[in-house]
Amino acid sequence: MERYVCIHGHFYQPPRENAWLEQIEIQDSAYPYHDWNERIAAECYTPNAESRILDSERFITHIVNNYSRMNFNFGPTVLSWMERNMPSTYEAILRADRSSMERFSGHSSAIAQAYSHMIMPLASRRDKTTQVRWGIADFEHRFGHRPEGMWLPETAVDIETLEVLAEHDIKFTILAPRQAAQVRSPNATGWIDVSGEKIDPAVPYLQRLPSGRSIAIFFYDGPIAKAVAFEGILSSGEAFAGRLLGACRDTDSPQLIHIAVDGETFGHHHRFGDMALAYALHHIEGNGMARITNYGEYLAMHPPVYEVEILENSSWSCVHGVERWRSDCGCNSGGHPEWNQAWRGPLRDALDWLRDTTASLYVEEAQRYVIDPWHARDDYISLVQDRSLDNVRAFLLRHTHRELRDNERITLLKLLELQRHAMLMYTSCGWFFDELSGIETVQVMQYAGRVAQLAQELFSDPIERQFLERLEEAKSNLREHGDGRRIYERFVQPAIVDLSAVAAHFAVSSIFEAYEEETKVFCYPVSVEDFRTSEVGRARLALGKVWLSSEITTESRLFTFGVLYFGEHNLNAGIRLYRDEQAYLEMVDELTPMFESADFTEVIRSIDRHFGTSTYSLKSLFKDEQRKVMGYILEGTLSEIEQVFRQLYEHNYPPMRFLTEMGNPLPKAFKDAAEFILNTDLRRALTAEELDVSRIENLVSNARIWDSELDVEGHGYLLQQTLARMMRALFDDPDDESLLERIIAAVDLAASLPFPLDLGQVQTLYYRMLPTERRDRKERAERGDEAAASWLERFNTLGTHLKVRTDWQ
């Protein structure tokens, strides 16, 4: 029997970047991580790059890169984030792609994705084309070769979308079994109805298209995919393998057992799901039960024999087709059965109006500068990938009628940015969940807000006002939010940024942070032309002149500013566009002596005179810097609070202990003091350069005595980071036996603590040392080197604590 197994993971997260800053701001719900991308990467993307295979005693025998043995796609926006923020995981994914081509007859396991995860059947033909071209271009930019296949967001499909894929030489896509309508065998005249998930997933199919082109389609095994995603089968790698092989039929014909699920299933949705996947593939392949393959290789070996006709306007996550993204179809997360999703239709109508209104204005304006406005948009992905001025010049050479003046270049880039956000605002997650005010829906409104802002700048058209009138038709389930307009005004408008807002952020933060002459605030390069500070007691004055520009549009302005800080959270700042040097120096000469004489009231009046009444405060800081500055400001206050709590805790420790031994509850004041001090001391102890094991054990023991609520997730994260730091140091300097001893003690400590802990990074580094450092020491020990023997004994002890096999190496 020819049996093949293929697992596809669709790795994707909705874009979370602030639409104006191009970076993700802190998300408290992802604690202890900075944001959800970081958290999910730590729980899923990195573990799948270094997944552990265990033996029967649950010791690690192999660490493998799952991506090299599965089929996968990554959302381009996720890879862009990962390239900047987790480069080692990003590189591991690229290496896996190269490895998969060696493993699978030259066929890559990576496939592309329609760029910004919009629901393709609901998109215009023009947007479909750009989404496919951007997806291909991003794939080629990262992986260095053409994709054979493309993932359609939510597997949502119609014939026009397949035409666009085929037109761009995409050989195959993957759909859910319920998306097949009918099939027929070669030379047959009649069709067989396979609706209702009756299609045989063991073979690929050919969809013939009206243009005369065709495309192969794989319909994954629905029941197995459901078991993996929702029925807990990933609790056992062997059970997972058994479920896959259980789908095999007794036939001599080639058969493909394959599933497609969210990649985040393997680790984020199901902890250690990556390990179940690694074990299943290892078990199947190692025991010769089936051949592991990817879609490209299987398609080359076994081209489609049967034809299929798809069920148009269908998807894998809505039984009503694509209604989840435009109507109150009944599909939701189930968390609030009393809510409705009637807001979906008006939201899409408002965005469609915004897209269509700005599209005609875009063409009218862009054709003044470029040969073909839509061809320029299709190629704009090359600038999204590389914002360097040299690349901007190359883009302009390809597309413009003539050499553009600076203001014309800025206008053209703004037009193209408008179009980018007019596609981002259709990210599918905006409609997927239950409530209009949810973070995913607010995110797509942010993109719409960027479109409206750019349209106002470019066309002087009151587009935002008309857009908001349409948003009023989208009604929230929550009385306090009312409708889409109120949500937009509450959550989107305050987030809107222009160069003045960036200048205000720089000015205010310059009181607390020393900047280099050339620096950057998110995607805005800053060049400091002049900067002066003065201090009188706790008060500070900062005056300056800075050039600010946008990496995105290349727009640049020179600003002057003045900031008066009184201490604590009291701050007054003014900014304005630079007028001339005389005006700037007059401002400096006027404010400086006033401040030095501590006439702060007059300083404030002077700031108002020079900069106008639009003043700024700590609220002008972007979220991460705001959090950082408030931490600085509150440092003294928190220190005072800590002293009070510490005195209360330490002074009353004996009676507190006596009360607990007598079985009496602690008074709340005592309990709160103990909880505050124990958590504070644990945070410091867990991040110390050297871990004090006995102190940490004592703190945790006291927490048990007082029944204190510890920040277990936060403490676990800190200890995890500290252990990884220590192991990296040993990896870089393996001769440091003292460090090796400390790591053994720290890992032993970690096993006794009540904190959730993933030792994956530590285990991976240890594993990487086995074929190099351990092998070398073992050979030296066998020749009688006592120092090597001593090191080897300690290193093996660490392996036992980490549950990593050493004897197989």
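Visitor: Is Leu-234 buried or exposed?

Guide: Burial is judged by relative accessible area, with buried meaning under 20%, exposed over 50% and partly exposed in between, for a 1.4 Å probe and protein chains only. Leu-234 has a relative accessible area of 6%, so Leu-234 is buried. This is a predicted model, in which local features need pLDDT of at least 70 and side-chain atom pairs count only at pLDDT 80 or more, while totals for chains, interfaces and linings use all residues. Residues are numbered from 1 along each chain as its sequence is written, and side-chain values use heavy atoms, with hydrogens and water left out.

Visitor: Where does Leu-234 lie, and with which residues is it in contact?

Guide: Leu-234 lies in the loop between α6 (222-230) and α7 (237-245), where helices (H or I, at least four residues) and strands (E, at least two) are DSSP runs numbered from the N terminus. Contact means heavy atoms within 4.5 Å, and, leaving aside neighbours within four places in sequence, the contacts of Leu-234 include Val-228, Phe-240, Thr-265 and His-270.

Visitor: Which residues touch the most other members of the largest nonpolar core?

Guide: In soluble globular proteins, nonpolar side chains tend to be buried together. A nonpolar core is a set of buried Ala, Val, Leu, Ile, Met, Phe, Trp, Tyr and Cys residues joined through side-chain atoms within 4.5 Å. The largest one here has 193 residues, of which Tyr-45, Tyr-67, Phe-74 and Phe-240 touch the most other members. Helix α16 (residues 439-459) gives the largest share of this core, ten residues. Apart from it lies another core of 50 residues, among them Met-656 and Leu-686.

Visitor: How do helix α17 and helix α18 pack?

Guide: Two packed helices are described by the angle between their axes and the distance between the axes. Axes are lines fitted to C-alpha atoms, for helices over the stretch in contact, and angles run from 0 to 180 degrees between N-to-C directions. Helix α17 (residues 463-471) and helix α18 (residues 484-492) pack at about 130°, with their axes 7 Å apart. That makes α17 oblique to α18, since angles under 35 degrees count as roughly parallel, over 145 as roughly antiparallel, 65 to 115 as roughly perpendicular and the rest as oblique. Among the residues making the contact are Phe-467 and Leu-468 of α17, and Arg-485 and Tyr-488 of α18.
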